[in-house]
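Biologist: I have a structure open beside me and would like to learn how to read it. Could you walk me through it, feature by feature?

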Amino acid sequence: MKAAFFQKPLFIALGLGLATLCTATPTKAAVLTYQGDTTNQATWRRTAPGDPPDRISGENAGTMGMTVPYSVFQFVVEESGLYSFGSTVPGATSPTNGVWDNFLVLYQDSFKATNQLTNVLVAAIAPDNGSPAFDRQLTAQRNYFLVTTGRQVTDFGAFTNTISGSGKIVAVPESDSILGTLVAVSVGLLLYKQKWGIVTVR
């Protein structure tokens, strides 16, 4: 009789535990990482830092500002929400000691290198080790353009950018050449798919 008395509560406890696991809703998250290189790319007069920036670099000083190479990556997000942007460069073991100083600018709807202040959302120096340069609320299914460029005219080279947030981040095929592999990760579901030379893990 004692054996039966102790086994029944144990069975109920296990059942409740399994029910809790089956009904729990996993937290959704997404990360997209891609690689590129601004060496020998087209140049532009980058914006000054700002949220949003209101001038071209050097305008307040009466100079031509920073004319630097750049790379642009076009994407959409599948869920509206807060997203973080970071960029790391080779040799970085801290936010400031990489082989070159990178700078990120985010645009919405369209990007034109000669109309730097049109549709610009935010611009900031990016920590060299990939720590977030800025966060931004994004709207699902709108086009966004992340421009990676240099802080000074001598700043250019390889980079790895990371975009993370509440929903899947999808590269638009018309983006300029991005070297390496794009990886998007959503917690709880892994689906491997290869398209346009991009490997996506969803």
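**Salt bridges, rings and buried residues**

Modeller: Let us begin with charges: there are 2 salt bridges in the structure, a salt bridge being a side-chain nitrogen of Lys or Arg within 4 Å of a carboxyl oxygen of Asp or Glu. Please keep in mind that this is a predicted model, in which local features need pLDDT of at least 70 and side-chain atom pairs count only at pLDDT 80 or more, while totals for chains, interfaces and linings use all residues. Residues are numbered from 1 along each chain as its sequence is written, and side-chain values use heavy atoms, with hydrogens and water left out.

Biologist: Which residue forms a salt bridge with arginine 136?

Modeller: Aspartate 51 does, and the closest N and O atoms are 2.5 Å apart. Arginine 136 is in strand 7 and aspartate 51 in the loop between strand 2 and strand 3, so this pair links parts of the chain 85 residues apart; strands (E, at least two residues) and helices (H or I, at least four) are DSSP runs numbered from the N terminus.

Biologist: How do I read the exposure of aspartate 51?

Modeller: By relative accessible area: buried means under 20%, exposed over 50%, and partly exposed in between, with a 1.4 Å probe and protein chains only. Aspartate 51 counts as exposed because its relative accessibility is 56%, whereas arginine 136, at 23%, counts as partly exposed.

Biologist: And what does arginine 142 meet in a salt bridge?

Modeller: Its partner is aspartate 109, at 2.7 Å from N to O. Arginine 142 lies in the loop between strand 7 and strand 8 (144-150), and aspartate 109 in the loop between strand 5 and strand 6, so the pair ties together parts 33 residues apart in sequence.

Biologist: How is a pair of aromatic rings described?

Modeller: By the distance of the centres and the angle of the planes. Rings of Phe, Tyr and Trp (its six-membered ring) pair if their centres lie within 6.5 Å; planes under 30 degrees apart count as stacked, over 60 as edge-to-face and the rest as tilted. The structure holds 10 such aromatic pairs. One of them joins tyrosine 34 and phenylalanine 73, which are stacked at 4.0 Å centre to centre with 20° between the planes. Tyrosine 34 belongs to strand 1 (residues 30-37) and phenylalanine 73 to strand 3 (residues 67-77), 39 residues apart. Tyrosine 34 and phenylalanine 73 are both buried.

Biologist: What about phenylalanine 75 and phenylalanine 85: what kind of pair do they form?

Modeller: A tilted one, with 6.1 Å between the centres and 50° between the planes. Phenylalanine 75 counts as buried because its relative accessibility is 0%. Tyr34, Phe73, Phe75, Phe85, Phe134, Tyr144 and Phe159 form one aromatic cluster.

Biologist: Where does aspartate 128 lie, and how far away is the nearest side chain of opposite charge?

Modeller: Aspartate 128 is in the loop between strand 6 and strand 7 (129-138). For charges, Lys and Arg count as positive and Asp and Glu as negative, with His and the chain ends not counted. Aspartate 128 is buried yet has no salt bridge, and arginine 151, the nearest side chain of opposite charge, is 7.7 Å away. Beyond its neighbours within four places in sequence, aspartate 128 is in contact (heavy atoms within 4.5 Å) with residues including Ser87, Trp100 and Asn102.

Biologist: Finally, which elements does the chain have?

Modeller: The chain has 1 helix and 13 strands, and buried residues make up 38% of its 202 residues.
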